[in-house]
There are 2 protein chains.
Amino acid sequence: MKLSEIGEFGLINRISPPFLHDLPEGVVGIGDDAAIIERGNGEALLVTTDTLVEEIHFLKAKTSPRELGEKSLAVNLSDIAAMGGTPTSAFLALGLPRDTGVEWIDEFFAGLHQLAARERVALLGGDTTRSPGPILITITVLGRAPLSHIKRRSAAQAGDILCVTGDLGDSAGGLRVMLEELPVGEDERYLLERHHRPRAHLAEGRLLGAQPGVRAMMDVSDGVDSDIRRIMEQSSCGARIDLEQLPVSPALRSASSHHGWDLTELVLAGGEDYCLLLTVDPSAMATVSEAFREKFARELSAIGTIAGAQGRLELFRDGRPARLGKHGFDHFLGRSA
Amino acid sequence: MKLSEIGEFGLINRISPPFLHDLPEGVVGIGDDAAIIERGNGEALLVTTDTLVEEIHFLKAKTSPRELGEKSLAVNLSDIAAMGGTPTSAFLALGLPRDTGVEWIDEFFAGLHQLAARERVALLGGDTTRSPGPILITITVLGRAPLSHIKRRSAAQAGDILCVTGDLGDSAGGLRVMLEELPVGEDERYLLERHHRPRAHLAEGRLLGAQPGVRAMMDVSDGVDSDIRRIMEQSSCGARIDLEQLPVSPALRSASSHHGWDLTELVLAGGEDYCLLLTVDPSAMATVSEAFREKFARELSAIGTIAGAQGRLELFRDGRPARLGKHGFDHFLGRSA
């Protein structure tokens, strides 16, 4: 049997069990955005690792090294954001082919350093090695959070309101602009920027972590329709998403219309949004929304609820079950966050 | 300019400077076996990252997945050993081609889990991704050590006695057996085992860390002649190695003689020994040696001294400057540790 037959989640389910036993007290391992190690003073150490591989996660010819350096760190910071935490240090393992230009390397580190300095993350170590082919980037980020602020994927409850902290689908739109080599106008430039320079929602994560009414939280990396299943699995619940509530940027709406893209597919399943997906106790929704609006001068987007049969994701549009189009998705018009 | 023109150390020197400024207090970053993060109670958090890439660090056809899983963790544990620390948790980033067999993966994790369980290291997370070609393994290990036990590479002093904690060259010998496809007798089997299943000298590191007379310490990964230069750079000193003192296993001596290998080259520059290289205050040498002998029932091998002009490594044999052979090394007969 080959890996291609069981897939990534099959692999994780296959290898995890022996590592979930006998964990030290106060430690949470595989299964959330970051591992949690209690430090005994009400604080937790958070640890997360992410890899970007050339050809799989980026195309060298289509990505500037500066943006790649920034993005490599940003996707890890996003995992810390999802735990309500503050990143503190980073460790880089970098595999490079022998013919990599030194200028490329300098630019990569300039991008990495710029974001690290902005978020006060210290690059404390790493490993450089030769690669026989693709560029390999693995970053491990350490962070900290008050234990009481950490929102686990397993904490969602029936009736919770499902929310996201930002527009969805922009990154996927940018990827299409790039892969289809479309002419770049104002909308396309916005989407490309969103694809190449994702912003980890660290401030949002910290604010939401401090709200007792927020129950489960994670970052959106694969797409809302896929990521919500991780919460459903770990919280043993179902979910309902109201498609017309998904927040869409004016640029994506306009570009989708112009280029004939399936907007629902991009927004629901595009991935690499790196905003946060969370569930909120309905009785606390007004408080959480108000705190979010006051701090960030924009709305926390309610996109559905935790509801229905365990493991079942239901899509609605304007109150009726959504019928999906030929790609498994239908078209819709969403609102901007 | 290409990476191949500046090399790995050129790269590290090029990229490190911006990351060495503005470090938080109590933090030591790039430049030692592991990063050191003070935790405020006299303890330090240690973090290290190492990558193994197929074709560069191992050949899939020549390495069992079980041994590879074990070795991937062992090389990281060795870095924690070099800091006098105890490893606590590990994080794995694994990149696999789509046609990787599930049995291969199971065996890899069995090997990893076996060593993790033996050393009580919890695998707390990771990232699995597709690779377009080579198998990619990056492991990050966290550990802890009393701050007072940590031996920096920068702490060597003129007159210190240079020591190693185990036989040198066995792993390089095993690699030659494998690459030259030599017939495998008892000696060759021993060397292959030493290559595929390196042992991190954790107990040795802890004992030596607790000895105030031990000054600088690191693990031997590239070979003593290369690794000692890291101590020389960071401690601004020179070193002298007495070739006849380098500890050699009977198996390596016998196989070298049988196959016509350059024993000095293997022992001095073979690499992947994963024992510890340390410098000892001469006035404490008797105490340190005795503690080592009592605990491990073998000798700590004194192989030279910290001496001579800054940046200069001198090789002696039987008290006279060594003349190197055609490969840059001469033959010699060493003793077993």
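The model is predicted: local features require pLDDT of at least 70, side-chain atom pairs count only at pLDDT 80 or more, and totals for chains, interfaces and linings use all residues. Residues are numbered from 1 along each chain as its sequence is written, while chains are lettered from A and ligands numbered from 1 in the order in which they are written.

Helices (H or I, at least four residues) and strands (E, at least two) are DSSP runs, numbered from the N terminus. Strands β4(B) and β5(B) pair in the parallel sense over eight bridges, where pairing requires that DSSP finds at least two bridges between two strands. An open sheet of six strands with mixed pairing, in the order β1-β2-β3-β6-β4-β5, is present in chain B. Its edge strands are β1 (27-28) and β5 of chain B, each of which pairs on one side only.

A further open sheet in chain B has seven strands, in the order β8-β10-β7-β11-β9-β12-β13, again with mixed pairing. Strands β8 (214-219) and β13 (320-321) of chain B stand at the edges with a single partner strand each, so one side of each is left without a neighbour in the sheet. Strands β9 (residues 239-242) and β12 (residues 313-317) of chain B run parallel and are joined by four bridges; Ile241(B) stands opposite Leu315(B) in β12(B). Helix α3 (residues 65-82) of chain B lies across β8 and β10 (276-280) of chain B, running at about 175° to β8(B). Such angles run from 0 to 180 degrees between N-to-C directions, with axes taken as lines fitted to C-alpha atoms, for helices over the stretch in contact.

Chain A is divided into domain 1 (3-149) and domain 2 (153-321), with bounds from an automatic or database domain assignment. The C-alpha centres of the two domains of chain A lie 22 Å apart. The contact takes 21 residues from domain 1 of chain A and 21 residues from domain 2 of chain A, two residues being in contact if their C-beta atoms, placed from the backbone, lie within 7 Å. On the domain 1 side, helix α3 (residues 65-81) of chain A gives the most, with nine residues. The residues of that side comprise six nonpolar, seven polar and eight charged; Ala, Val, Leu, Ile, Met, Phe, Trp, Tyr, Cys and Pro count as nonpolar, Asp, Glu, Lys and Arg as charged, and the others, Gly among them, as polar.

Between the chains, 56 residues of chain B are in contact with 56 residues of chain A. The largest share of the chain B side, nine residues, comes from β5(B). By class, this side of chain B has 30 nonpolar, 18 polar and eight charged residues. Of the interface residues of chain B, 100% are also interface residues in chain A, so the copies meet through the same surface. Chain B can be laid on chain A with an RMSD of 0.0 Å by a turn of 180° and a shift of 0.0 Å along the axis, which is the relation of a two-fold axis. This superposition is by least squares on the C-alpha atoms of residues with pLDDT of at least 70 in both copies.
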